[in-house]
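Please read them beside the sequence and the coordinates.

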Amino acid sequence: MTNKELADLLLPGVDSDISKYEKIYPERNLGEKAIVTRFAPSPTGFVHMGSLFQSFISRKVASDTNGVFFLRIEDTDQKRLVENSVRGIVDDLHNFEIELDEGMIDEDKEKGSYGPYLQSKRKDIYQSFVKYLLEQGKAYPCFCSAEEIEETRLLQEKKKQRIGYYGRFAKCRRLTPEQIQEKVANGEPYIIRLKSHGDFEHKIKVHDLIKGTLEIPENDLDIVILKSDGLPTYHFAHLVDDHLMRTTHVIRGDEWLSSLALHIQLFETFGFQPPKYAHISPIMKEDNGVKRKLSKRKDPEAAVSYYHEKGIPVEAVKLYLMTLANTNFEQWYDCNKDKTLADFPFDFKKMSSSGGLFDVEKLMNISKNYMSRLKASEIYDGLLAWTKVHDSEFFEILMKQKDYAISVFNIEREQKKPRKDFACYSDIKNQTWYMFEELYDSHEKEYDFQTIQDKQEISKILTSYIENHYREEDSKEEWFEHMKDLAEEFGYAREVKEYKENPEKYKGHIGDISLVLRIVLTTKSMTPDLYDIMSILGKETIFSRYRTWIEQNQE
RNA sequence: GGCCUGUUGGUGAAGUGGUUAAACACACAUGCCUUUCACGCAUGCAUACAUGGGUUCAAAUCCCGUACAGGUCACCA
């Protein structure tokens, strides 16, 4: 019985001519340095930070080189499928502005000419390649049951031997064609294994773009390439897909490092040029002094939805991811303030070969700096989009008072050293509610007086301010002069310096007085410039808030 | 257990044999500035290169052992 006949017996009706695929999926006509890469998740749920990081880098290198970035869905494990997760993955990428050149764009839609991009639709292709291998005598059927494999494993463990289906443990490898024929005739279920010719004692050198040159033992495991449901395993699908889709760079998590020797062997078996590999270390998290992988189950910040809920701008998250990816990015960005992420020359060599720690505080800092550089109208737009989903009350107010809201967000903004007090959109309401009448009215007010506590004294200060010192048309300088007059009137120093020189002569200084006016107006001791706040709020509101407070605090 | 990888301060890290006081950034602390806060500026964070050997005139940087950490060893990806 020839290999060809055996192959026909095992995979009847499958065309073993793989050369036709070379024509259907020709070499891509791209620039010499163009990088073709992909994000290839299994549809088991939503995208988490680690995968987002990988896609972000993949997208970046593809864009930098005028290459291609595509999304392939690896749904060869039918047991683990989660409903609608393709849609979820597509949405997550879209929400992070990671655009796809090719691949799945919805649950059952795709674009690009190297598809299908859903592995379950590529069954015929995989089977052709498997059959080709069978005909070449480079693969064989295996009839071992799960129990038999388990037995072998236990035996290997007991004898302290390497675990796996290889060498003398690969018993189906030695089956004669007649035995195979008989088992097939008996209806025994089988899978197809690679007939490995690797030598575990022999080491090969492989180059990884991030990890550098590695020395790893050759693969000698006869791994499963086609499962009993007729679908391939990851390893085989990786070979077929990344060859036919003409992937030049495989960027993936470093959990794959241990099967790298196998993957290279697979490419060599077919005489294909293997892609370049870049294995990314997982993003870590510090947990009670222990470093561990960022976990989707334990860490809320591992889910991309966390960033949308908090309202951290996508761009800020990207800036942070880039600082994790290439630590020279931060300095580069600092020196090139007019440039964007797209201008940054990403370099695999600058990637840390060990896993970086995910630091939410650092992310917040980056986001705070990023937001401080936005224009007031950009803050408004971003906030409007965020509140539309997360805060309908604020959304309505913003819609109604667009110009007013922009003027509020413009306080100490759009200048050389802008204020940095919003790290995310969910911060804004908490820091500006007193600027919006509707929010102010419904908000519970707690006045955090610091130096001047006496309510009568405060009432007197407010009254005098209303009656003697407030002028609607005052410039900032005039306004501040009047504040100083007020301070003097109540026995407070006009200048802080003056007070510090002669503290016994005064009850306090101008700062104490303005703090009272600030707190009664806003309830807060920490606010932006008081003059700006007053100018925007206007006379009526200021007087009304002061008078209300006086009324409510009469003894 | 086998195999692979990693280990620089509270954190991210720069740095690959020799102008090192080991950059820069975040966090924290103090001071200055300031009508508050924020910003900004200045300073600090005890002798930080896992550990033991070796190579060398010279090592964070090269080699070996040890410890610790991560990954992997499925008809899961």
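1. Val 250 stands opposite Tyr 277 in strand E11, and the bridge partner of Ile 251 in E11 is Ala 278. These pairs belong to the parallel pairing of strand E10 (residues 249–253) with E11 (residues 276–280), which runs over 5 bridges; two strands are said to pair if DSSP finds at least two bridges between them. Helices (H or I, at least four residues) and strands (E, at least two) are DSSP runs, numbered from the N terminus.

2. The model is a predicted one, in which local features need pLDDT of at least 70, side-chain atom pairs count only at pLDDT 80 or more, and totals for chains, interfaces and linings use all residues. Residues are numbered from 1 along each chain as its sequence is written, while chains are lettered from A and ligands numbered from 1 in the order in which they are written.

3. How many of the residues of E10 are buried? Strand E10 is mostly covered, with 4 of its 5 residues buried, and E11 is largely enclosed by the rest of the structure, because 4 of its 5 residues are buried. A residue is called buried if 20 or more other C-beta atoms lie within 10 Å of its own, exposed if 12 or fewer, and partly exposed in between, with C-beta atoms placed from the backbone.

4. Ile 251, which lies in strand E10, counts as buried because it has 29 C-beta neighbours inside 10 Å. Not counting residues up to four places away in sequence, Ile 251 touches Thr 37, Gln 54, Ile 57, Ser 58, Ala 278 and Ile 280, where contact requires that the C-beta atoms of the two residues, placed from the backbone, lie within 7 Å. Ile 251 and Arg 38 are 213 residues apart in sequence, yet 7.4 Å apart in space, C-alpha to C-alpha.

5. A contrasting case is Ile 24 in helix H2 (residues 19–24), which counts as exposed because 10 other C-beta atoms lie within 10 Å. Between Ile 24 and Lys 296 there are 272 residues of sequence separation and 39 Å of space, C-alpha to C-alpha.

6. Strand E1 (residues 36–39) also pairs in the parallel sense, with E2, over 4 bridges, and Val 36 stands opposite Val 68 in E2. In a regular strand the side chains alternate between the two faces of the sheet. From E2, Val 68 and Phe 70 point one way and Phe 69 and Leu 71 the other way, and all are buried.

7. Which residues of helix H4 (residues 85–95) are buried? They are Ser 85, Val 86, Ile 89, Val 90, Asp 92 and Leu 93. These residues are on the same side of H4 because they cover an arc of only 160 degrees around the axis, the arc being that of the directions from the helix axis to the C-beta atoms. They pack against helix H3 (49–64) and strand E3 (102–106).

8. Some backbone angles deserve a look, given that most residues other than glycine have a negative phi, and most peptide bonds are trans. Asn 66, in the loop between H3 and strand E2 (68–71), has a positive phi of about 55 degrees although it is not a glycine; Asn 66 is exposed, with 11 other C-beta atoms within 10 Å. Glu 414, in the loop between helix H16 (402–409) and helix H17 (425–432), has a positive phi near 50 degrees, and with 13 C-beta neighbours inside 10 Å it counts as partly exposed. Glu 97, which follows H4, has a positive phi near 55 degrees. A cis peptide bond, with omega about 0 degrees, joins Gly 115 and Pro 116, and Pro 116 lies in the loop between strand E4 (109–111) and helix H5 (123–135).

9. Finally, the RNA: 63 residues surround RNA strand B, and the closest are Glu 74, Ser 228, Ser 354, Gly 511 and Ser 514. A residue is near the strand if its C-beta atom, placed from the backbone, lies within 6 Å of it. Among the elements that each supply at least two residues of this surface are helix H6 (146–158), strand E8 (212–217) and helix H23 (530–552).
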